[in-house]
Amino acid sequence: MTLLVIHAAAPGSMTVDGEADDASFTAGAAPQSAPFPGRAATGDSGPAGSGSAGSATPGSARVLLRSCDPAVIGDALAARGIGFERWPAATALAADASAEEIMAAYAPEIERVQALGNYPTVDAIRLTPDHPDHQALRRKFLAEHTHSEDEVRFFVEGRGLFCLHLGDEVLQLLCERNDWIAVPAGTRHWFDMGPEPQFCALRFFENPEGWVARFSGDRIAERYPLLDALLAETGV
Ligand SMILES: [Fe+2]
């Protein structure tokens with residue numbers, strides 16, 4: 001079930017080793033101190049379980065909205081400039097469907113997006129727990145970063161957690177099968193595929209060679225729930 005939680009961003013963002021917020025790294029060189037599941041057991045799980053109002057201190061920011069209603073989610077994201085759609089699959093896809101089969105199943109939707117002219121390249125990525133590099137891949141995108149291009153994904157199977165830092169809000173969007181999301185270039189965000197990643201997503205690119213992560217150095221991501229914690233706390 002798709003879930004959106006909007007938090008009031010907790011103040012007191014920290015930077016990595018005093019680096020300025022515009023410190024940048026390539027996608028292959030995430031900060032050494034990037035957050036990871038082994039982080040402190042207390043004070044970092046965020047407020048998702050309580051939903052109660054409170055002072056905006058690290059780990060206790062207020063929850064402004066929590067919804068599993070696609071219409072509510074779409075409206076809340078649209079109001080913030082984030083694209084979101086549901087593309088129900090017309091036909092069931094095999095768990096081991098090839099990229100070509102997936103793209104054929106969603107050809108009308110892909111054509112519609114590409115007709116806008118922004119994303120001429122589409123590919124498919126599938127990650128499962130038996131992928132030898134899944135921990136490193138997870139770690140890479142757990143720290144807040146931006147891209148110079150939009151990050152556009154369509155989830156064909158499994159799930160993933162997009163976290164968007166928009167001014168004084170943090171949006172956590174648990175995407176599942178049939179969710180399409182378009183995060184504009186320059187948006188501060190992080191992504192958690194979970195300790196046992198299980199997803200397949202179509203990726204839309206303007207220029208895949210130019211799609212690199214620039215890490216902000218802000219450790220804000222450490223103060224919000226990860227995918228597994230959010231699932232456990234919400235019961236979704
Ligand atoms: Fe990203």
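**Confidence first**

I began with pLDDT (the predictor's confidence in each residue, from 0 to 100): the protein chain averages 79, and 77% of the residues score at least 70. This is a predicted model, so I kept to its limits: local features need pLDDT of at least 70, side-chain atom pairs count only at pLDDT 80 or more, and totals for chains, interfaces and linings use all residues. My residue numbers run from 1 along each chain as its sequence is written.

Where does pLDDT stay under 50? I found that over residues 13–59. The model has 87 contacts beyond four places in sequence for that stretch, a contact being two residues whose C-beta atoms, placed from the backbone, lie within 7 Å.

**The whole chain**

I listed five helices and 11 strands in the protein chain. Both are DSSP runs numbered from the N terminus, with helices being H or I of at least four residues and strands being E of at least two. Of the 236 residues, 36% count as buried. For burial I used C-beta atoms placed from the backbone: a residue is buried if 20 or more others lie within 10 Å of its own, exposed if 12 or fewer, and partly exposed in between. I also looked at contacts between residues at least 6 apart in sequence, and 79% of them join residues at least 24 apart.

**The core**

I then turned to nonpolar cores, meaning sets of buried Ala, Val, Leu, Ile, Met, Phe, Trp, Tyr and Cys residues joined through C-beta atoms within 7 Å. The largest has 51 residues, and those with the most contacts inside it are F154, F162, C163 and I181. Strand β6 gives the most to this core, with eight residues. A friendly reminder to myself: in soluble globular proteins, nonpolar side chains tend to be buried together.

I looked up I181 next. Leaving aside neighbours within four places in sequence, I181 is in contact with I82, G83, F84, R153, F162, L173 and C175.

**β8 and its partners**

Which strands pair with β8? I count two strands as paired if DSSP finds at least two bridges between them. Strand β3 (residues 83–86) pairs with β8 in the antiparallel sense over four bridges, and G83 stands opposite A182 there. β6 and β8 also pair in the antiparallel sense over four bridges, with F154 opposite W180. β8 is mostly covered, as four of its five residues are buried.

**β9**

Five bridges join β6 to β9, which run antiparallel, and the partner of C163 in β9 is W190. In strand β9 (residues 188–192), five of five residues are buried. In a regular strand the side chains alternate between the two faces of the sheet. I checked both faces of β9: R188, W190 and D192 lie on one side, H189 and F191 on the other, and all are buried.

**F155**

Is F155 buried or exposed? I noted that F155 lies in strand β6 (residues 151–166) and counts as buried because it has 20 C-beta neighbours inside 10 Å. Not counting residues up to four places away in sequence, F155 touches G160, C175, E176, R177, N178, D179, F199 and A201. R86 is 69 residues from F155 in sequence, and the two are 9.7 Å apart in space, C-alpha to C-alpha.

**N178**

My last stop was one of the residues that F155 touches, N178. N178 sits in the loop between β7 (169–176) and β8 (179–183). N178 has a positive phi of about 80 degrees, although it is not a glycine. N178 is partly exposed, with 17 other C-beta atoms within 10 Å.
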